[in-house]
Amino acid sequence: MSNQVKYLLDENDIPKEWYNIMADFKNPPIPPLHPGTMQPVGPDDLGPLFPMELIMQEVSTERYIEIPDALRDIYRQWRPSPLYRARRLEQALDTPAKIYYKYEGVSPAGSHKPNTALAQAFYNKKEGVKRLTTETGAGQWGSSLALAGAFFGLEVEVFMVKVSFEQKPYRKAFMESFGATCHASPSNLTEAGKAILAESPDNSGSLGIAISEAVERAVQRDDTKYALGSVLNHVLMHQTVIGQEAIKQMEMADDYPDIVVGCTGGGSNFSGIAFPFLGEKLRGGKDIEIVAVEPANCPSLTKGRYAYDFGDTGKMTPLVKMHTLGAGFIPPANHAGGLRYHGMAPLVSQVVHEGYVRPTSYHQTECFAAGVTFGKAEGILPAPEANHAVKGAIEEALKCKRDGVEKTILFNLCGHGNFDMAAYQNYASGLLTDDDYNDQELAMALAGLPKVA
């Protein structure tokens, strides 16, 4: 059979709770530290940035946290998202593997990001917040928070990594259409941005810099909070609606993955697909393999150090234990995707460190090649970030072909590439290159890691 197969759930199957993997950890999560006292951060330390209900989710060890009905009503606009059996891709690869993908590109913003953007906007609105500041890499998160701000009547200010700001004008247009303000980062609007530009006027930006600018703006006004699109525990938890739905859909298919693949930048969409399956494994379920795919020019999991570090370049955030390239690390500018963060979510870092997840990395041109192969077979051009997951899944399928074994592979197609045609044009014309990071700059960034006893 060469036809694509779609597995759809009813809206009543939208998860009623978010899954919190911390409840199933064998070792307790490693707490963030206050950079001044080096003591574990408490709720009061996070109060200037986040509403209290999100702070309590951040530190919760309860296995499930209820999703408010008001949020589930909005989720119904596109959830449950479809799960596909990629039969045409299997045929194109001539592999015995069975390949499934969960498709998050059906959301109003075209990616998985609204799962947490709407949740964060909901809790901020509930606490009386008027404005949200944030950063964005390729623009998926900024677009989603702009959408959420429009839904809940919140002003949204976005600092977008400069290289993406210039490469992806339609992402900026999307944000502005929903009422958000979008700035190229580093900017002259903050002390953090000015300091970077004074030292490096042509700086192409990074998520670490954009986070510093957004945090600085948030703490300046009492009516403003900060929203983060990845990395933090509560953000990862909000994304677990993806994997919970996928578990039900795999049951519909009378199948279960041997391998789960996700792309990783900060860790949110990867956690969304992988953590519910990993939770089942930790509770005695099937011993599946989980693969995290990151860009070779920003390889925090495969080349970084597992250590305490700042979450931002301006060193305004708490210290978190994570795989990091150093808060001062800036990836090469010629990069089409948004997976450009110097660190990785602490929870993702911990499961990698403990051996539950196998990290790997690929260059962007081979990821785009995989995305084009996928698009020709399945009819969807993935977002550049999602191309990393596509590449990882294809490599696992080709390994099955070489080894002559049939395995079931599931990956998260976390967004479409409809606003990324300039990147695809550059790839087709040979202008998209695989510029590697500078080893000396990486060594300097790692040498600057904070000293924690």
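The model is a predicted one. Its largest pocket holds about 620 Å³ of space, and its largest cavity has a volume of about 370 Å³. Domain 1 (6–13 + 68–110 + 235–436) and domain 2 (112–233) both contribute residues to the lining of that pocket, so the pocket lies between them.

**Largest pocket**

- About 620 Å³ of space lies in this pocket, and 31 residues line it.
- The lining residues closest to the centre of the largest pocket are P32, E58, L232, N233 and V320.
- At least two lining residues come from each of α2 (52–59), α10 (207–218), β13 (319–324) and α15 (346–353).
- By class, the lining of the largest pocket comprises 24 nonpolar, five polar and two charged residues.

**Second largest pocket**

- The second largest pocket contains about 460 Å³ of space.
- Its lining is made up of 18 residues, of which E199, T313, G328, F329 and I330 are the closest to the centre.
- Two elements, α9 (191–199) and α19 (439–447), each give two or more residues to this lining.
- Helix α19 supplies the largest share, three residues.
- Eight nonpolar, six polar and four charged residues form the lining of the second largest pocket.
- This pocket lies between domain 1 (6–13 + 68–110 + 235–436) and domain 2 (112–233), because both domains give residues to its lining.

**Largest cavity**

- The model has two cavities of 30 Å³ or more.
- The largest cavity has a volume of about 370 Å³, and 28 residues line it.
- Closest to the centre of the largest cavity are the lining residues K113, L207, S230, G266 and G338.
- The elements β6 (131–136), α6 (140–152), α10 and α13 (268–282) give two or more residues to the lining of the largest cavity.
- The lining of the largest cavity consists of ten nonpolar, 14 polar and four charged residues.
- Residues from both domain 1 (6–13 + 68–110 + 235–436) and domain 2 (112–233) line the largest cavity, so it lies between them.

**Second largest cavity**

- The volume of the second largest cavity is about 60 Å³.
- Residues that line the second largest cavity include Y19, N20, I21, M22 and Q57, and N233, H234, L236 and M237 are also among them.
- T240, F275 and L347 likewise belong to the lining of the second largest cavity.
- Helix α11 (residues 233–238) provides the largest share of this lining, four residues.
- The lining of the second largest cavity has seven nonpolar and five polar residues, with no charged residues.

**Helix α5**

- Helix α5 (residues 114–126) has 13 residues, which should span 18 Å at 1.5 Å a residue; the end C-alpha atoms are 18 Å apart, so the two values agree.
- Eleven of the 13 residues of α5 are buried, and the helix is thus mostly covered.
- The buried residues of α5 include P114, N115, T116, A117, L118 and A119, and Q120, A121, F122, Y123 and N124 are also buried.
- Just after α5, G128 adopts a positive phi of about 90°.

**Helix α8**

- Buried residues of helix α8 (residues 169–177) include R171, F174 and M175.
- These residues cover an arc of only 95° around the axis, which means that they lie on the same side of α8.
- Y170 and S177 are exposed on the other side of α8.

Methods. Residues numbered from 1 in each chain as written. Predicted model: local features only at pLDDT ≥ 70, side-chain atom pairs only at ≥ 80, totals over all residues. Heavy atoms only, no water. 1 Å grid on protein atoms, 1.4 Å probe; cavity = no way out; pocket = protein on both sides within 12 Å on 5 of 7 lines; lining within 4 Å. Points joined across faces, edges and corners; volume = space filled by probe spheres on them. Nonpolar A, V, L, I, M, F, W, Y, C, P; charged D, E, K, R; others polar. Domains from an automatic or database assignment. Expected span 1.5 Å × (residues − 1). Buried < 20%, exposed > 50% of the residue type's maximum accessible area, 1.4 Å probe, protein only. Arc of directions from axis to C-beta.
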